[in-house]
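I am opening a notebook on a structure that is new to me, and I want to record what I looked up, entry by entry. The sequence and the model come before my notes.

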Amino acid sequence: MEKIPLGISQCLMGEKVRYDGSHKRNRYLMDVLAEVVEFRPVCPEMAIGLGVPRKPIRLVIKGGETRVLGVENPDVDVTEALIAQAEAAVRQLPDICGYVFIQNSPSCGVFGVKRYLPNGYSIDKEGRGAYAKRFMELMPLLPVEEAGRLNDAGLRENFLTRVFAYYDFKVQVAAAPTAKKLIEFYSRYKYQVMAHHVPSYFAIGRYLSNLAVNDIQKSSDGFFQLFMGALKHHATRKGNTNAMMHLRGYLKEILNTQDKQELSQLIDSYKVGHVPLVVPLTLLKHHLLKLDNPYLKSQTFWSPHPEHLGLRNHILEN
Ligand code: SF4
(Lines give C-alpha, C1' and ligand atoms only; values in the text may rest on other atoms or scores of the structure.)
Protein backbone atom coordinates (compact mmCIF):
# COMPACT_ATOMS: atom_id res chain seq x y z
CA MET A 1 0.00 0.00 0.00
CA GLU A 2 1.24 3.48 -0.82
CA LYS A 3 1.76 5.90 2.02
CA ILE A 4 -1.23 8.11 2.71
CA PRO A 5 -0.63 11.86 2.29
CA LEU A 6 -1.37 13.75 5.48
CA GLY A 7 -1.13 17.47 6.21
CA ILE A 8 0.79 18.39 9.35
CA SER A 9 1.81 21.48 11.30
CA GLN A 10 5.46 21.72 10.35
CA CYS A 11 6.81 22.19 13.90
CA LEU A 12 5.47 18.69 14.76
CA MET A 13 8.06 17.24 12.41
CA GLY A 14 10.91 18.63 14.51
CA GLU A 15 11.56 21.62 12.28
CA LYS A 16 12.54 24.77 14.12
CA VAL A 17 9.81 27.01 12.76
CA ARG A 18 8.14 28.18 15.97
CA TYR A 19 8.20 31.87 16.86
CA ASP A 20 11.11 31.33 19.27
CA GLY A 21 13.11 29.04 16.97
CA SER A 22 12.04 25.85 18.75
CA HIS A 23 10.10 22.83 17.46
CA LYS A 24 7.43 20.48 18.81
CA ARG A 25 8.56 17.16 17.38
CA ASN A 26 5.93 14.50 18.02
CA ARG A 27 7.41 11.06 18.54
CA TYR A 28 4.28 9.09 17.75
CA LEU A 29 3.78 10.86 14.45
CA MET A 30 7.41 10.78 13.39
CA ASP A 31 8.44 7.35 14.68
CA VAL A 32 5.23 5.31 14.31
CA LEU A 33 2.74 6.89 11.95
CA ALA A 34 5.40 7.96 9.44
CA GLU A 35 5.62 4.29 8.47
CA VAL A 36 2.20 4.47 6.83
CA VAL A 37 1.70 8.14 5.99
CA GLU A 38 3.62 10.71 4.01
CA PHE A 39 3.57 14.06 5.75
CA ARG A 40 2.94 17.29 3.87
CA PRO A 41 4.20 19.95 6.29
CA VAL A 42 2.97 23.53 6.35
CA CYS A 43 3.94 26.30 8.75
CA PRO A 44 1.41 29.00 7.91
CA GLU A 45 3.22 31.68 9.91
CA MET A 46 6.43 31.04 7.98
CA ALA A 47 4.46 30.87 4.75
CA ILE A 48 3.08 34.37 5.27
CA GLY A 49 6.61 35.65 5.74
CA LEU A 50 6.84 36.08 9.50
CA GLY A 51 10.23 34.38 9.73
CA VAL A 52 12.11 32.89 12.71
CA PRO A 53 12.40 34.23 15.34
CA ARG A 54 9.26 36.33 15.21
CA LYS A 55 7.13 38.27 17.65
CA PRO A 56 4.34 36.16 19.20
CA ILE A 57 0.74 36.52 18.07
CA ARG A 58 -2.55 35.57 19.74
CA LEU A 59 -6.30 35.46 19.22
CA VAL A 60 -8.02 38.67 20.28
CA ILE A 61 -11.72 39.43 20.28
CA LYS A 62 -12.00 42.82 18.68
CA GLY A 63 -15.06 44.50 17.21
CA GLY A 64 -17.09 41.30 17.74
CA GLU A 65 -14.64 39.21 15.69
CA THR A 66 -11.72 36.96 16.56
CA ARG A 67 -8.54 38.41 15.06
CA VAL A 68 -4.92 37.26 15.15
CA LEU A 69 -2.91 40.17 16.51
CA GLY A 70 0.63 40.79 17.71
CA VAL A 71 1.09 40.42 21.47
CA GLU A 72 3.51 43.34 21.72
CA ASN A 73 2.03 45.38 18.90
CA PRO A 74 -1.71 44.82 18.46
CA ASP A 75 -1.64 46.88 15.27
CA VAL A 76 -0.05 43.84 13.60
CA ASP A 77 -3.04 41.87 12.28
CA VAL A 78 -2.26 38.68 10.34
CA THR A 79 -5.79 37.27 10.27
CA GLU A 80 -6.42 37.80 6.56
CA ALA A 81 -2.94 36.58 5.62
CA LEU A 82 -3.48 33.32 7.53
CA ILE A 83 -6.90 32.85 5.93
CA ALA A 84 -5.39 33.41 2.47
CA GLN A 85 -2.62 30.93 3.33
CA ALA A 86 -5.22 28.29 4.24
CA GLU A 87 -6.93 28.85 0.89
CA ALA A 88 -3.60 28.46 -0.89
CA ALA A 89 -2.74 25.31 1.09
CA VAL A 90 -6.07 23.68 0.17
CA ARG A 91 -5.18 24.24 -3.48
CA GLN A 92 -1.61 22.97 -2.98
CA LEU A 93 -2.58 19.85 -1.03
CA PRO A 94 -5.48 18.35 -2.99
CA ASP A 95 -4.47 14.77 -2.24
CA ILE A 96 -4.21 14.84 1.56
CA CYS A 97 -6.49 12.47 3.46
CA GLY A 98 -6.22 14.04 6.90
CA TYR A 99 -4.46 16.75 8.83
CA VAL A 100 -2.70 16.79 12.19
CA PHE A 101 -2.53 20.26 13.66
CA ILE A 102 -0.80 21.35 16.82
CA GLN A 103 -2.79 22.49 19.82
CA ASN A 104 -2.89 25.96 21.43
CA SER A 105 -1.70 27.87 18.38
CA PRO A 106 -3.47 31.04 17.14
CA SER A 107 -2.76 29.77 13.61
CA CYS A 108 -2.92 25.96 13.83
CA GLY A 109 -4.93 25.12 16.99
CA VAL A 110 -8.23 23.34 16.40
CA PHE A 111 -9.86 23.05 19.83
CA GLY A 112 -9.92 25.40 22.78
CA VAL A 113 -7.34 28.00 21.76
CA LYS A 114 -7.07 30.87 24.29
CA ARG A 115 -8.69 34.13 23.30
CA TYR A 116 -7.93 37.54 24.77
CA LEU A 117 -9.61 40.90 25.08
CA PRO A 118 -7.84 43.96 23.58
CA ASN A 119 -6.73 44.89 27.13
CA GLY A 120 -4.76 41.65 27.38
CA TYR A 121 -7.12 39.72 29.66
CA SER A 122 -7.64 36.13 28.71
CA ILE A 123 -11.39 35.63 28.23
CA ASP A 124 -11.93 32.00 27.22
CA LYS A 125 -10.57 28.91 25.51
CA GLU A 126 -13.12 28.82 22.73
CA GLY A 127 -10.88 29.87 19.85
CA ARG A 128 -9.62 28.09 16.76
CA GLY A 129 -6.45 29.05 14.90
CA ALA A 130 -7.23 31.25 11.89
CA TYR A 131 -5.41 28.99 9.41
CA ALA A 132 -6.90 25.75 10.79
CA LYS A 133 -10.39 27.28 10.90
CA ARG A 134 -10.38 28.32 7.25
CA PHE A 135 -8.80 25.04 6.16
CA MET A 136 -11.53 23.07 7.92
CA GLU A 137 -14.26 25.25 6.45
CA LEU A 138 -12.95 24.50 2.96
CA MET A 139 -12.46 20.76 3.55
CA PRO A 140 -15.24 19.93 6.00
CA LEU A 141 -15.05 16.14 5.53
CA LEU A 142 -11.29 15.90 5.91
CA PRO A 143 -10.31 14.00 9.09
CA VAL A 144 -8.60 16.48 11.40
CA GLU A 145 -7.00 16.04 14.80
CA GLU A 146 -4.66 17.81 17.16
CA ALA A 147 -1.37 16.12 17.99
CA GLY A 148 -2.00 16.34 21.73
CA ARG A 149 -5.35 14.57 21.44
CA LEU A 150 -3.71 11.66 19.64
CA ASN A 151 -2.42 10.54 23.06
CA ASP A 152 -6.00 9.41 23.71
CA ALA A 153 -6.27 5.90 22.26
CA GLY A 154 -9.95 6.31 21.33
CA LEU A 155 -9.45 9.61 19.52
CA ARG A 156 -6.35 8.26 17.78
CA GLU A 157 -8.14 5.15 16.56
CA ASN A 158 -11.15 7.09 15.34
CA PHE A 159 -9.01 9.67 13.52
CA LEU A 160 -6.97 7.02 11.73
CA THR A 161 -10.04 4.95 10.89
CA ARG A 162 -11.35 8.02 9.09
CA VAL A 163 -8.02 8.74 7.40
CA PHE A 164 -7.81 5.21 5.97
CA ALA A 165 -11.45 5.27 4.87
CA TYR A 166 -11.02 8.71 3.27
CA TYR A 167 -8.00 7.45 1.34
CA ASP A 168 -9.82 4.28 0.30
CA PHE A 169 -12.73 6.32 -1.07
CA LYS A 170 -10.40 8.65 -2.97
CA VAL A 171 -8.60 5.74 -4.60
CA GLN A 172 -11.58 3.50 -5.29
CA VAL A 173 -14.41 5.92 -6.07
CA ALA A 174 -13.77 9.66 -6.04
CA ALA A 175 -11.73 10.03 -9.24
CA ALA A 176 -14.46 8.57 -11.46
CA PRO A 177 -17.54 7.66 -9.43
CA THR A 178 -20.14 5.21 -10.70
CA ALA A 179 -23.12 3.65 -8.97
CA LYS A 180 -21.40 0.26 -9.08
CA LYS A 181 -18.23 1.60 -7.47
CA LEU A 182 -20.22 3.31 -4.72
CA ILE A 183 -22.17 0.19 -3.89
CA GLU A 184 -19.11 -2.04 -3.97
CA PHE A 185 -17.21 0.41 -1.80
CA TYR A 186 -19.94 0.59 0.81
CA SER A 187 -20.53 -3.15 0.86
CA ARG A 188 -17.03 -3.49 2.41
CA TYR A 189 -17.83 -0.94 5.13
CA LYS A 190 -21.27 -2.11 6.20
CA TYR A 191 -20.31 -3.76 9.46
CA GLN A 192 -17.84 -1.05 10.30
CA VAL A 193 -20.49 1.63 9.87
CA MET A 194 -22.88 -0.51 11.92
CA ALA A 195 -20.28 -0.56 14.72
CA HIS A 196 -19.88 3.21 14.55
CA HIS A 197 -23.46 4.43 14.25
CA VAL A 198 -26.58 2.40 13.56
CA PRO A 199 -28.80 5.36 12.43
CA SER A 200 -26.17 6.19 9.77
CA TYR A 201 -26.07 2.55 8.74
CA PHE A 202 -29.78 2.71 7.93
CA ALA A 203 -29.57 6.18 6.39
CA ILE A 204 -26.77 5.12 4.01
CA GLY A 205 -28.66 1.95 3.10
CA ARG A 206 -31.72 4.03 2.19
CA TYR A 207 -29.57 6.55 0.29
CA LEU A 208 -27.93 3.88 -1.83
CA SER A 209 -31.15 2.05 -2.56
CA ASN A 210 -32.59 5.30 -4.00
CA LEU A 211 -29.36 6.41 -5.66
CA ALA A 212 -29.87 9.16 -8.24
CA VAL A 213 -27.72 7.95 -11.14
CA ASN A 214 -28.46 10.92 -13.43
CA ASP A 215 -25.98 13.05 -11.44
CA ILE A 216 -23.53 10.52 -10.08
CA GLN A 217 -21.03 13.15 -8.89
CA LYS A 218 -23.67 14.73 -6.70
CA SER A 219 -24.79 11.30 -5.46
CA SER A 220 -21.21 10.35 -4.69
CA ASP A 221 -20.67 13.58 -2.75
CA GLY A 222 -23.88 12.98 -0.80
CA PHE A 223 -22.82 9.44 0.02
CA PHE A 224 -19.37 10.55 1.14
CA GLN A 225 -20.85 13.13 3.46
CA LEU A 226 -23.07 10.52 5.13
CA PHE A 227 -20.24 8.01 5.24
CA MET A 228 -17.65 10.30 6.84
CA GLY A 229 -20.31 11.57 9.25
CA ALA A 230 -20.99 7.98 10.32
CA LEU A 231 -17.33 7.24 11.00
CA LYS A 232 -16.99 10.36 13.11
CA HIS A 233 -19.06 8.57 15.74
CA HIS A 234 -16.74 6.36 17.74
CA ALA A 235 -17.15 2.59 17.47
CA THR A 236 -18.36 1.81 20.99
CA ARG A 237 -18.35 -1.49 22.85
CA LYS A 238 -22.09 -1.67 22.21
CA GLY A 239 -21.62 -0.94 18.50
CA ASN A 240 -18.82 -3.47 18.05
CA THR A 241 -20.86 -6.09 19.91
CA ASN A 242 -23.83 -5.40 17.66
CA ALA A 243 -21.74 -5.80 14.51
CA MET A 244 -20.22 -9.05 15.79
CA MET A 245 -23.67 -10.45 16.70
CA HIS A 246 -24.84 -9.77 13.15
CA LEU A 247 -21.74 -11.41 11.69
CA ARG A 248 -22.21 -14.38 14.01
CA GLY A 249 -25.52 -15.00 12.24
CA TYR A 250 -23.61 -16.28 9.21
CA LEU A 251 -22.22 -19.12 11.30
CA LYS A 252 -25.51 -20.62 12.49
CA GLU A 253 -25.36 -23.58 10.16
CA ILE A 254 -21.66 -24.38 10.33
CA LEU A 255 -20.65 -24.19 14.00
CA ASN A 256 -21.24 -27.01 16.47
CA THR A 257 -22.78 -26.25 19.85
CA GLN A 258 -19.45 -26.03 21.62
CA ASP A 259 -17.97 -23.57 19.11
CA LYS A 260 -21.13 -21.46 19.22
CA GLN A 261 -20.95 -21.31 23.03
CA GLU A 262 -17.27 -20.40 23.00
CA LEU A 263 -17.85 -17.57 20.53
CA SER A 264 -20.91 -16.25 22.39
CA GLN A 265 -19.02 -16.28 25.68
CA LEU A 266 -16.16 -14.26 24.21
CA ILE A 267 -18.53 -11.72 22.66
CA ASP A 268 -20.31 -11.43 26.02
CA SER A 269 -16.97 -11.01 27.84
CA TYR A 270 -16.05 -8.23 25.46
CA LYS A 271 -19.49 -6.64 25.89
CA VAL A 272 -18.97 -6.29 29.66
CA GLY A 273 -15.36 -5.14 29.30
CA HIS A 274 -13.52 -8.26 30.44
CA VAL A 275 -11.55 -8.83 27.23
CA PRO A 276 -10.41 -6.51 24.42
CA LEU A 277 -12.12 -6.44 21.03
CA VAL A 278 -9.36 -8.41 19.38
CA VAL A 279 -10.28 -11.54 21.39
CA PRO A 280 -13.82 -12.25 20.05
CA LEU A 281 -12.96 -10.64 16.73
CA THR A 282 -10.10 -13.04 16.04
CA LEU A 283 -12.26 -16.10 16.72
CA LEU A 284 -15.17 -14.73 14.71
CA LYS A 285 -12.90 -13.98 11.79
CA HIS A 286 -11.31 -17.41 12.03
CA HIS A 287 -14.72 -19.11 11.68
CA LEU A 288 -16.09 -16.73 9.06
CA LEU A 289 -13.10 -16.98 6.78
CA LYS A 290 -13.77 -20.71 6.50
CA LEU A 291 -16.97 -19.82 4.65
CA ASP A 292 -14.84 -18.42 1.85
CA ASN A 293 -17.44 -15.70 1.28
CA PRO A 294 -15.90 -12.70 -0.59
CA TYR A 295 -18.40 -10.27 0.94
CA LEU A 296 -17.48 -11.30 4.47
CA LYS A 297 -13.78 -11.48 3.71
CA SER A 298 -13.78 -7.95 2.34
CA GLN A 299 -15.26 -6.31 5.46
CA THR A 300 -13.10 -3.45 6.72
CA PHE A 301 -14.49 -4.13 10.19
CA TRP A 302 -11.78 -6.79 10.59
CA SER A 303 -8.97 -4.26 10.21
CA PRO A 304 -9.92 -0.63 9.52
CA HIS A 305 -6.19 0.22 9.63
CA PRO A 306 -2.95 -1.81 9.54
CA GLU A 307 -2.94 -4.24 12.44
CA HIS A 308 0.69 -3.61 13.34
CA LEU A 309 -0.26 -0.11 14.49
CA GLY A 310 -2.22 -1.79 17.30
CA LEU A 311 -4.76 1.02 17.31
CA ARG A 312 -7.59 -1.02 18.75
CA ASN A 313 -5.56 -2.50 21.59
CA HIS A 314 -5.70 0.31 24.11
CA ILE A 315 -9.16 1.76 23.59
CA LEU A 316 -11.39 2.07 26.60
CA GLU A 317 -14.70 2.09 24.72
CA ASN A 318 -17.94 3.12 26.34
S1 SF4 B 1 1.97 25.95 15.29
FE2 SF4 B 1 1.68 26.23 13.09
S3 SF4 B 1 2.30 28.33 12.74
FE4 SF4 B 1 3.16 27.76 14.71
S5 SF4 B 1 5.20 26.99 14.28
FE6 SF4 B 1 3.84 25.22 14.26
S7 SF4 B 1 3.27 25.00 12.13
FE8 SF4 B 1 4.12 27.06 12.34
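This is a predicted model: local features need pLDDT of at least 70, side-chain atom pairs count only at pLDDT 80 or more; totals for chains, interfaces and linings use all residues.

I looked up what the buried residues of H7 pack against, and found helix H6 (179–196) and helix H8 (216–232). I take contact to mean that the C-beta atoms of two residues, placed from the backbone, lie within 7 Å. Helices here are DSSP runs of H or I with at least four residues, strands are runs of E with at least two, and both are numbered from the N terminus. I call a residue buried if 20 or more other C-beta atoms lie within 10 Å of its own, exposed if 12 or fewer, and partly exposed in between, with C-beta atoms placed from the backbone. In H7, the buried residues are Ser200, Tyr201 and Ile204. They lie on the same side of H7, because the arc they cover around the axis is only 105 degrees, an arc being that of the directions from the helix axis to the C-beta atoms. On the face turned away from that buried side I noted the exposed residues Pro199, Phe202, Arg206 and Ser209. I also checked the length of helix H7 (residues 198–209): its 12 residues should span 16 Å at 1.5 Å a residue, and its end C-alpha atoms are 17 Å apart, which agrees. The expected span is 1.5 Å times one less than the number of residues.

Residues are numbered from 1 along each chain as its sequence is written.

I noted 12 helices and 8 strands, and a box of roughly 75 × 50 × 35 Å, taken along the principal axes, that the C-alpha atoms fill. Of the 318 residues, 36% count as buried. Among contacts between residues at least 6 apart in sequence, 66% join residues at least 24 apart.

The domain assignment gives domain 1 (4–151) and domain 2 (156–318), with bounds that come from an automatic or database assignment. Their centres, taken over C-alpha atoms, are separated by 33 Å. I found 9 residues of domain 1 in contact with 11 residues of domain 2. The side of domain 1 that touches domain 2 has 7 nonpolar, 1 polar and 1 charged residues. For these classes, Ala, Val, Leu, Ile, Met, Phe, Trp, Tyr, Cys and Pro count as nonpolar, Asp, Glu, Lys and Arg as charged, and the others, Gly among them, as polar.

I located Cys97 in the loop between helix H3 (79–92) and strand S5 (99–101). Is Cys97 buried or exposed? Cys97 counts as buried because it has 21 C-beta neighbours inside 10 Å. Leaving aside neighbours within four places in sequence, the contacts of Cys97 are Ile4, Pro5, Leu6, Val163, Tyr166, Tyr167 and Lys170.

I listed Thr79, Leu82, Gln85, Ala86 and Ala89 as the buried residues of H3. They share the same side of H3, because they cover an arc of only 120 degrees around the axis. Their cover includes strand S2 (37–42), helix H2 (44–47), strand S4 (65–70) and helix H4 (130–138), whereas the face turned away carries the exposed residues Glu80 and Arg91.

Among the residues around the ligand I recorded Cys11, Arg18, Cys43, Glu45 and Cys108, each with its C-beta atom, placed from the backbone, within 6 Å of the molecule. By class, the shell has 6 nonpolar, 4 polar and 2 charged residues.

Most residues other than glycine have a negative phi, and most peptide bonds are trans. I noted a cis peptide bond joining Val52 and Pro53, with omega about -5 degrees, and Pro53 has its place in the loop between H2 and strand S3 (57–62). Asn104 has a positive phi, near 65 degrees, and is partly exposed, with 17 other C-beta atoms within 10 Å. Asp292 also has a positive phi, near 55 degrees, and is exposed, with 8 other C-beta atoms within 10 Å.
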